[in-house]
Amino acid sequence: MYSLKLLSQFLRDMRTQKLRTLLTLFGIIWGTVAVVLLLAFGVGLHRFSLKAMHGMGERIVILWPQRTTKPYQGMGIGRPIRFTEEDAWVLDREIPEMEIASPEYIRWGVKLKYGKHISNISISGVYPAYEDLRNTFPQKGGRFINSSDIERRRRVIFLGDEVKEKLFKKEEAVGKRITLNGVPFLIVGVLEKKTQNSSYSTHDASKGFIVATTLATMFGHRNLSNILYRPKKTIASEKINKKVYQVLGKKHRFDPEDKDVLSMWDTTEMDKFLFYFSLGLNLLLGVGGVFTLIVGGIGVANIMYVVVRERTREIGIKMAIGAKSRHILFQFILETLFIVTMGGAIGFGFSWGIVKIASFLPIQKYIGTPTISPLVAGATVLVLGLVGLLAGYFPARKAANLDPVQSLGY
Amino acid sequence: MIHLTDIKKIYKMGEVNVPALKGLTLTVKECEYIAILGPSGSGKSTLMHIMGCLDTPTEGHYQLEGRDVGSLNRNRLAEIRNEKIGFVFQSFNLLPYATALENVELPMIYGKMRAKERRRRAEELLALVGLGDRTRHRPTELSGGERQRVAIARALANDPTIILADEPTGNLDSRSGAEIIRLFNRLQEQAHTVIIVTHDVGIAEHAQRIVRLLDGVIVEDTNVNNLPQVQNLREVQKEEKI
């Protein structure tokens with residue numbers, strides 16, 4: 001009851017000193033908004049980048065053949081290396097740490113035609129493993145190239161969603177026939193829309209995918225464009241990449257130390273980079289927010305010093321009738337925590353509103369959806385609590401150490 | 001009960017030492033009714049602060065109920081103030097935002113009394129000082145005399161050994177002042193030790209003993225009327241205590 005009484009007196013104080021209260025609260029509200037929003041946008045950006053990056057595939061390595069740059073076993077430099085499907089199977093077979101390796105043919109400038117609509121795209125000739133490696137998942141009602149397609153060398157095609165849009169508009173595409181450079185193909189699936197921020201030919205949305213062997217025979221490709229692979233989970237990609245050089249070096253007779261003979265795009269390196277980049281960014285944003293909050297806390301501490309001075313006489317009275325230092329200390333810390341909690345709650349509500357509004361703005365494509373994650377919320381509450389305790393402690397300590405005689409005469 | 005032995009209090013004002021009490025010795029017996037009389041600057045307020053454990057002497061010994069309190073720390077002094085001493089101030093010193101009842105309850109809160117008991121006792125004390133119908137009023141809604149009576153009820157809350165009053169009628173008109181003095185007389189009859197600090201001879205004359213203070217020393221110590229000392233009355237009356 002007594003604490004309630006204190007609080008009600010404190011609330012009255014706050015009401016009579018509207019401007020002062022408002023300014024104090026504003027510091028904390030602004031600080032909270034800064035922490036929450038900066039971190040929310042940071043987390044959103046991180047998740048967005050991760051998702052967008054994984055639009056091309058998770059933990060995959062893309063491998064292209066180049067020319068030798070080191071002489072080896074009597075052969076000079078500049079000898080071109082070419083991949084065949086067998087190279088992918090060899091990697092799959094001979095490296096135990098390999099989860100899966102799969103070949104890819106690419107043909108540029110293929111003419112797709114449906115009725116009057118024509119589209120020039122690049123197509124990839126692939127195996128079913130491609131779907132999982134490259135996250136090319138079908139929309140409802142469709143499917144990706146499957147093993148039966150491979151066995152029978154079917155003329156089926158899986159379309160990127162933008163290609164489908166261009167040729168079919170709203171019309172259903174699965175089950176329809178289109179021609180590919182004049183040859184009829186059956187559409188078995190359309191790509192589920194995805195965010196993809198990197199690619200090595202064009203984005204999957206504007207591509208087509210057909211059976212690898214079909215592409216090879218149709219266009220007379222003997223060589224692959226590239227090989228895709230993914231190391232088993234928990235296997236560091238550096239380790240497996242080294243073995244790839246050894247296995248392919250043996251097969252194609254090049255020096256395994258000749259780094260430039262293959263070009264390798266290890267997306268796990270990007271994962272790592274992104275992790276540290278996001279960590280750095282979030283730390284920066286977090287520290288920025290926390291400092292804003294600390295400035296707010298200093299404001300509160302200042303106001304509390306003023307409150308202590310204004311209520312010196314009250315403190316003296318309480319001491320005269322037996323209040324111990326800790327009673328006074330507790331009272332002022334409680335009041336400070338109350339202001340900080342109130343400011344924090346308002347700031348949180350405010351930030352939540354902004355985040356909600358932001359999720360309706362067309363910014364997701366660039367910076368993702370800002371998210372108030374439990375971690376963000378927890379961190380903010382922790383920082384708020386700490387700022388409140390510190391901002392309360394020093395004025396409260398001053399109050400608790402006042403001299404009773406002097407305070408009574410104040 | 002109170003033994004002040006050679007008490008000195010020296011205030012430091014920058015480089016200069018200002019002595020407020022210059023070796024003062026005083027003994028107050030249980031259930032005495034004393035007025036400490038002196039003009040401003042005589043050291044009477046300093047003496048009251050020391051007797052009230054609000055301040056500690058620079059030199060000398062202060063024994064309260066056989067216990068040396070001159071050397072206790074802040075928190076122990078706060079406990080003694082809470083349990084043994086009831087203050088009545090010239091400017092009432094009530095908490096403005098709290099009702100009369102809550103003001104009287106406050107010392108009992110610090111004394112860790114249970115809420116129910118606390119409330120009951122506060123109501124009884126307010127009835128005792130004639131404010132049984134004013135318990136829900138805030139100080140601003142009460143007259144000066146009523147405020148001082150609330151303050152007296154508060155001073156009695158933890159059944160203190162001494163009641164220390166500092167110019168209790170200083171801010172009151174003569175009629176309210178007279179009521180307050182009657183209340184003190186009654187308290188003394190009910191076996192409380194009452195010490196009134198004042199510069200007003202008229203007030204001091206109500207006490208049994210007048211101690212005159214001038215420039216930090218006692219210049220006169222007289223018994224006004226030869227009422228019998230009520231030595232053990234306090235124990236006798238403990239059962240029928242307010």
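**Figure 1. Crossing of helices α2 and α11 in chain A of the predicted model.** Helix α2(A), residues 18–54, and helix α11(A), residues 325–358, have axes that come within 7 Å and cross at roughly 45°. The crossing of the two helices, α2(A) and α11(A), is right-handed.

**Figure 2. Residues at the contact of α2(A) with α11(A).** From α2(A), the contact takes A:T24, A:L25, A:I28, A:I29, A:T32, A:V33, A:V36, A:L37 and A:A40. These meet a set of residues in α11(A), among them A:I339, A:V340, A:M342, A:I346, A:F348, A:F350, A:I354 and A:V355. The α11(A) side also includes the glycines A:G343, A:G344 and A:G347, as well as A:S351. Sorted by class, the contact of α2(A) with α11(A) has 15 nonpolar and six polar residues, and no charged ones.

**Figure 3. Contact between chain A and chain B.** Chain B gives 22 residues to the contact and chain A gives 18. On the side of chain B that touches chain A, two or more residues come from each of α2 (74–84) and α3 (100–110) of chain B. Helix α2(B) provides the largest share of that side, six residues. By class, the side of chain B that touches chain A has eleven nonpolar, five polar and six charged residues.

**Figure 4. Chain B, with eight helices and ten strands.** The radius of gyration of chain B is 18 Å, close to the 18 Å given by the globule rule for 242 residues, so chain B is as compact as a globular protein of that length. Along the principal axes, the C-alpha atoms of chain B fill a box of roughly 50 × 40 × 35 Å. Buried residues make up 48% of the 242 in chain B. Of the contacts in chain B with a separation of 6 or more, 70% are between residues 24 or more positions apart.

**Figure 5. Chain A, with 14 helices and nine strands.** For chain A the radius of gyration is 33 Å, well over the 22 Å that the globule rule gives for 410 residues, so chain A is more spread out than a compact globule. Its C-alpha atoms fill a box of roughly 100 × 55 × 30 Å, taken along the principal axes. In chain A, 39% of the 410 residues count as buried. Residues 24 or more positions apart account for 81% of the chain A contacts with a separation of 6 or more.

Terms used
Residues are numbered from 1 along each chain as its sequence is written. Chains are lettered from A and ligands numbered from 1 in the order in which they are written. This is a predicted model: local features need pLDDT of at least 70, side-chain atom pairs count only at pLDDT 80 or more; totals for chains, interfaces and linings use all residues. Axes are lines fitted to C-alpha atoms, for helices over the stretch in contact, and angles run from 0 to 180 degrees between N-to-C directions. Helices (H or I, at least four residues) and strands (E, at least two) are DSSP runs, numbered from the N terminus. A crossing is left-handed if the near helix is turned anticlockwise from the far one by less than a right angle, and right-handed if clockwise. Two residues are in contact if their C-beta atoms, placed from the backbone, lie within 7 Å. Ala, Val, Leu, Ile, Met, Phe, Trp, Tyr, Cys and Pro count as nonpolar, Asp, Glu, Lys and Arg as charged, and the others, Gly among them, as polar. The radius of gyration is taken over C-alpha atoms; the globule rule is 2.2 Å times the number of residues to the power 0.38. A residue is buried if 20 or more other C-beta atoms lie within 10 Å of its own, exposed if 12 or fewer, and partly exposed in between; C-beta atoms are placed from the backbone.
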